[in-house]
Amino acid sequence: MKNTFLSFMILSLFLIVSCGGNNSDSNVHSPGDEKTGKDKALNTGADLLQDKIPLNKFNAYLDGFHFYNGNINAQMEAHHYVDQLNEDLYQAIIFDGNGKDAKIMGVEYIITAKLFNTLSDEEKLLWHSHHHEVKSGTLIAPGIPDVAEHELMEKLVSTYGKTIHTWHTDQERTLPVGSPMIMMGFTKDGQLNPKLLAARDKRFNVSTSEIRKKRANIPIPKIDPLANAWEKGKVRQFTISNKTDSAVHKHQEMPKTH
């Protein structure tokens, strides 16, 4: 199965540009003057001359939906660009669109159940499962063949995500102001706003209901009861405070020199 998936992923690189992007505009237009000719020249030069090895590894694209932990009615679409660090750990940059004007909304870290089991009970409360996103068809990998997407979802169905949004463009904030927020994923039918889903399906020319049928044979894993803690009223969220936080008591050593 692994070799089949890799083969299709290689093929997908030729398809993802035309089939998996540039159809979802950013939610906001941010203030600021147009880039000067000098800035454009500097950007072009940097693009040609500087390596971007970490960014080049973000080679998978997932489209799904989040909501603010503690407020399930505050929902938004999220465009994930994902780097698989190893068999059990992924990292994703989240944008509010997939075009050239997309804004970075935040990040998501994705781990397998194996690593999730190593977390403390309090830490687990910050994470959400992906079982419903996968099984419902609301999480998609646009532009790759069905077989490859199915195998990818077989892996993701039993993973957990920790998501932090830093720019709330869904609230029409044109600048990244306010506190970062912990996000959650949906766990049952009827939670996601159907208008959001319909708009996504139209843009990508997909049918969530048909995708759901294709994933019927993906087993639902056993979900750790400490994940999706919001369901039990255990909400954790960031706040801005003038009190010294725990960072003062950490990283006490001087940075190592190379």
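View 1. Tyr61 counts as buried at 3% relative accessibility, where buried means under 20% relative accessible area, exposed over 50% and partly exposed in between, computed with a 1.4 Å probe on protein chains only. Tyr81, with a relative accessible area of 22%, is partly exposed. This is a predicted model, in which local features need pLDDT of at least 70 and side-chain atom pairs count only at pLDDT 80 or more, whereas totals for chains, interfaces and linings use all residues. Residues are numbered from 1 along each chain as its sequence is written, and side-chain values use heavy atoms, with hydrogens and water left out. A search of the whole structure finds seven aromatic pairs, a pair being rings of Phe, Tyr and Trp (its six-membered ring) whose centres lie within 6.5 Å, with planes under 30 degrees apart counted as stacked, over 60 as edge-to-face and the rest as tilted. The ring centres of Tyr61 and Tyr81 are 4.7 Å apart and the planes are at 5°, so this pair is stacked. Because Tyr61 lies in strand β1 (residues 60–68) and Tyr81 in strand β2 (residues 71–86), the pair ties together parts that are 20 residues apart in sequence. Helices (H or I, at least four residues) and strands (E, at least two) are DSSP runs, numbered from the N terminus. Ring pairs link Tyr61, Tyr81, Phe95 and Phe204 into a cluster.

**View 2. The stacked rings of Phe116 and Tyr160.** With centres 3.9 Å apart and planes at 10°, the rings of Phe116 and Tyr160 form a pair that is stacked. Phe116 belongs to helix α5 (residues 113–116) and Tyr160 to strand β6, so the pair ties together parts that are 44 residues apart in sequence. Both Phe116 and Tyr160 are buried.

**View 3. Strand β3 and its antiparallel partners β2 and β4.** Strands pair if DSSP finds at least two bridges between them. Seven bridges join β2 to β3 in an antiparallel arrangement, and a hairpin connects β2 to β3 through two residues. On the other pairing, seven bridges join β3 (residues 89–95) to β4 (residues 104–111), again antiparallel. Phe95 stands opposite His79 and also opposite Ile104 in β4, while Gln91 faces Tyr109 in β4. Five of the seven residues of β3 are buried, so this strand is largely enclosed by the rest of the structure.

**View 4. Strand β4 alongside β6.** Strand β4 is joined to strand β6 (residues 160–165) by six bridges, and the two run antiparallel. Ile111 stands opposite Tyr160 in β6.

**View 5. Lys135, a buried lysine without a salt bridge.** Lys135 lies in helix α7 (residues 131–136). Although buried, Lys135 has no salt bridge, and Glu154, the nearest side chain of opposite charge, is 9.9 Å away; a salt bridge is a side-chain nitrogen of Lys or Arg within 4 Å of a carboxyl oxygen of Asp or Glu, and Lys and Arg count as positive and Asp and Glu as negative, with His and the chain ends not counted. The side chain of Lys135 reaches the backbone oxygen of Ile218 at 2.7 Å, and the backbone oxygen of Ala216 lies 3.1 Å from a polar atom of that Lys135 side chain. Leaving aside neighbours within four places in sequence, Lys135 is in contact (heavy atoms within 4.5 Å) with residues including Val157, Arg212, Arg215 and Ile220.

Conventions:
A polar contact is a pair of N or O atoms within 3.5 Å; within protein, one must be able to donate a hydrogen and the other to accept it, and residues adjacent in sequence count only if both atoms are side-chain atoms.
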